[in-house]
Amino acid sequence: MAAEAKTEMLNKVLTQDGFIAALDQSGGSTPKALKLYGLSESDWSSDEQMFDLVHQMRARIVTSNAFGGDRVLGAILFENTLDREIEGKPSSRYLWDVKQVVPFLKVDKGLEDEVNGVQLMKAMPGLDALLAKAVAQGVFGTKMRSVIKQANAAGISAVVAQQFEVGKQILAAGLTPIIEPEVDIHCPAKTEAETLLKQALLAELDKLGVDQRVMLKLTLPNEDNFYRDCIEHPNVIRVVALSGGYSRDDANLKLSHNQGMIASFSRALTEGLSAKQSDAEFDKALDMAIESIYQASKA
């Protein structure tokens, strides 16, 4: 990526009001995303057809007049989307060149089984090759997700250590990592888990070099403004919030109570969109969703 474009993207993410659209549902979550979009498993007969349909859904969102860099800072893509085109352009190039939306790429390969109350990321043996492809496609950053289900200090420490270890590999490739240790909203001791998580995050952030800057993607906390220390940390570009199963209204309300946090919603963004809507109906519903999330991110 040209240094000038990278600087423009960084400035946009750092300084502009808006949010990150999470359009990165992958193999396991794609059927659910399509079902919410009004399609059933009878509408496809192979994985390839399923991914064709989800790409059509994503392309419909991204090409809509409602979707643009005035309110959407960035969009997270799944690798399958990176390998496809939107209106004749590679997806990541379309996002930036046409929409002025910063492209990110989901790089994790899913989750391990739960151990010590957490699910670590599966090994990523092909990560260097994927990062090189992302750089070649003009991608700015990456995203990778772990899940915390219990307030287990050893488990949470392992999640954060793994996230930052891989994050440094991503930084070395010239990309900005979004580190996502999601606290499950159904965690029985969610407040305690968030306390342990913040301690571990700040400890790892303090070890980074001055030029090693990351983004954090975190579950909306039980305590308002709980992650202010992370937001203000010199090594953090932006802290974004995942919707985590909350409805859009609930997620927006919680987000509006956390100053400096912006949205990176997936299901809460696409809530109310349907394959059966006319383009006018679809654009209206998407515009309403984007505007509500934009306002909550500004609050």
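Visitor: In which strand does threonine 219 lie?
Guide: This is a predicted model, where local features need pLDDT of at least 70, side-chain atom pairs count only at pLDDT 80 or more, and totals for chains, interfaces and linings use all residues. Residues are numbered from 1 along each chain as its sequence is written, and side-chain values use heavy atoms, with hydrogens and water left out. Strands are DSSP runs of E with at least two residues, numbered from the N terminus. The run at residues 214-219 holds threonine 219, and this is strand β9.

Visitor: Is threonine 219 buried or exposed?
Guide: Buried means under 20% relative accessible area, exposed over 50%, and partly exposed in between, using a 1.4 Å probe and protein chains only. Threonine 219 has 2% relative accessibility, so it counts as buried.

Visitor: Which residues does serine 92 contact, leaving aside neighbours within four places in sequence?
Guide: Serine 92 is found in helix α5, residues 91-99 (helices are DSSP runs of H or I with at least four residues). At a relative accessible area of 1%, serine 92 is buried. Contact means heavy atoms within 4.5 Å, and with those neighbours left aside, the partners of serine 92 are Leu77, Leu82, Pro103, Gln137 and Val139.

Visitor: How far apart in space are serine 92 and alanine 75?
Guide: In sequence, serine 92 and alanine 75 are 17 residues apart. From C-alpha to C-alpha, the distance between serine 92 and alanine 75 is 9.0 Å.
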